[in-house]
Amino acid sequence: MGDLSEVPPDFLTALGALRRAKCRPELRLEEIPAPTRLAPFAVSLAADVTASGPQPVNGTFHGPVGPVLPESRELATGRFILLHDPDGSDVWNGTFRIVTYIRAELEPDMGNDQMLGSVAWTWLVDALQEHGARYSSAGGTATRILSESYGTLSERSDAIDIELRASWTPDGADVQAHLEAWSDMVCTFAGLPPLPDGVSPLPRRRLN
């Protein structure tokens, strides 16, 4: 990021909050290049959950935390981007904005569930509430994607993915609870317990 003396104190506070976040141990979390056109300051994290369970260091944000084993199969993946504009934004209704993306492959028979999108959005809202992450101006889209193979790939089974793209404005620079809530969401998409009472996980993708 260059000279830290040029970085606003609020953004430094937010970076510290991200590093304090205690995320699920099943999550492989690392920093990736952040977008440069969305805001003057930004940080971006990538997360993956795999079937073989690579072991990060205490589930905390320290950059790359270990290799994924060759036999690992991805259950869910996501991106967490924190944007900051010291001048604020009328669209954000604040000086920070969190932009997220989560994708997971489902069992084919789940693709016709008309409630799938609304359930995914509810999981996000519930996760933020569960962690006490205060926010405003939330919005997002949930998409079901059917992948069919033809020709030389016709022997591949059809695949159905669920994608959730969402953004919201955190109530201040202390975004630790927001990252923790989002990491729980990625694991929920991967079908991993524990979950809040009354919430059922998505069926895991087939591994054969």
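Predicted model: local features only at pLDDT ≥ 70, side-chain atom pairs only at ≥ 80, totals over all residues.
Let me begin with the overall layout. The protein chain holds 3 helices and 6 strands, in the order α-β-β-β-β-α-β-β-α from the N terminus. Helices (H or I, at least four residues) and strands (E, at least two) are DSSP runs, numbered from the N terminus. Of the 208 residues in the chain, 45% are buried. The accessible surface comes to about 11000 Å², and carbon and sulfur atoms account for 49% of that area; these areas come from the Shrake-Rupley method with a 1.4 Å probe, and for residues only the protein chains shown count as cover. Among contacts with a separation of 6 or more, 72% are between residues 24 or more positions apart, a contact being heavy atoms within 4.5 Å.

I return now to strand 2. In a regular strand the side chains alternate between the two faces of the sheet. Here, both faces are covered: Phe 41, Val 43, Leu 45, Ala 47 and Val 49 are buried on one side, and Ala 42, Ser 44, Ala 46, Asp 48 and Thr 50 are buried on the other.

What joins strand 2 to strand 1? There are 6 bridges between strand 2 and strand 1, residues 27–32, and the two run antiparallel; strands pair if DSSP finds at least two bridges between them. Leu 27 stands opposite Val 49 of strand 2. Strand 2 is also joined to strand 3, residues 74–89, by 10 bridges, again in antiparallel fashion. Within that pairing, Ala 47 has Gly 78 as its bridge partner, and Thr 50 has Glu 74.

Strand 3 in turn is joined to strand 4 by 10 bridges, and these strands run antiparallel. Ser 89, which lies in strand 3, has Gly 94 of strand 4 as its bridge partner. The hairpin of strand 3 and strand 4 has 4 residues between the strands, and Asn 93 there takes a positive phi near 65°. The side chain of Ser 89 also reaches the backbone nitrogen of Trp 92 at 3.3 Å. Such a polar contact is a pair of N or O atoms within 3.5 Å; within protein, one must be able to donate a hydrogen and the other to accept it, and residues adjacent in sequence count only if both atoms are side-chain atoms.

Next, the aromatic residues. Rings of Phe, Tyr and Trp (its six-membered ring) pair if their centres lie within 6.5 Å; planes under 30 degrees apart count as stacked, over 60 as edge-to-face and the rest as tilted. By this rule there are 3 aromatic pairs. One of them, Phe 11 with Phe 41, is tilted, with 5.8 Å centre to centre and 40° between the planes. This pair links distant parts of the chain, as Phe 11 sits in helix 1, residues 9–20, and Phe 41 in strand 2, 30 residues apart. Phe 11 counts as buried because its relative accessible area is 0%, and Phe 41 does so because its relative accessibility is 18%.

Finally, the nonpolar interior. A nonpolar core is a set of buried Ala, Val, Leu, Ile, Met, Phe, Trp, Tyr and Cys residues joined through side-chain atoms within 4.5 Å. Which residues touch the most other members of the largest core? They are Leu 82, Leu 179 and Phe 189, in a core of 46 residues. Elements that give two or more residues to this core include helix 1, strand 2 and helix 3, residues 176–189. Helix 3 gives the most, with 8 residues. Leaving aside neighbours within four places in sequence, Leu 179 is in contact with Leu 18, Ala 21, Cys 23, Leu 29, Leu 45 and Phe 80. Apart from this core lies another, of 5 residues, among them Ala 39, Ala 42, Leu 83 and Trp 92.

Note on methods: Residues numbered from 1 in each chain as written. Heavy atoms only, no water. Buried < 20%, exposed > 50% of the residue type's maximum accessible area, 1.4 Å probe, protein only.
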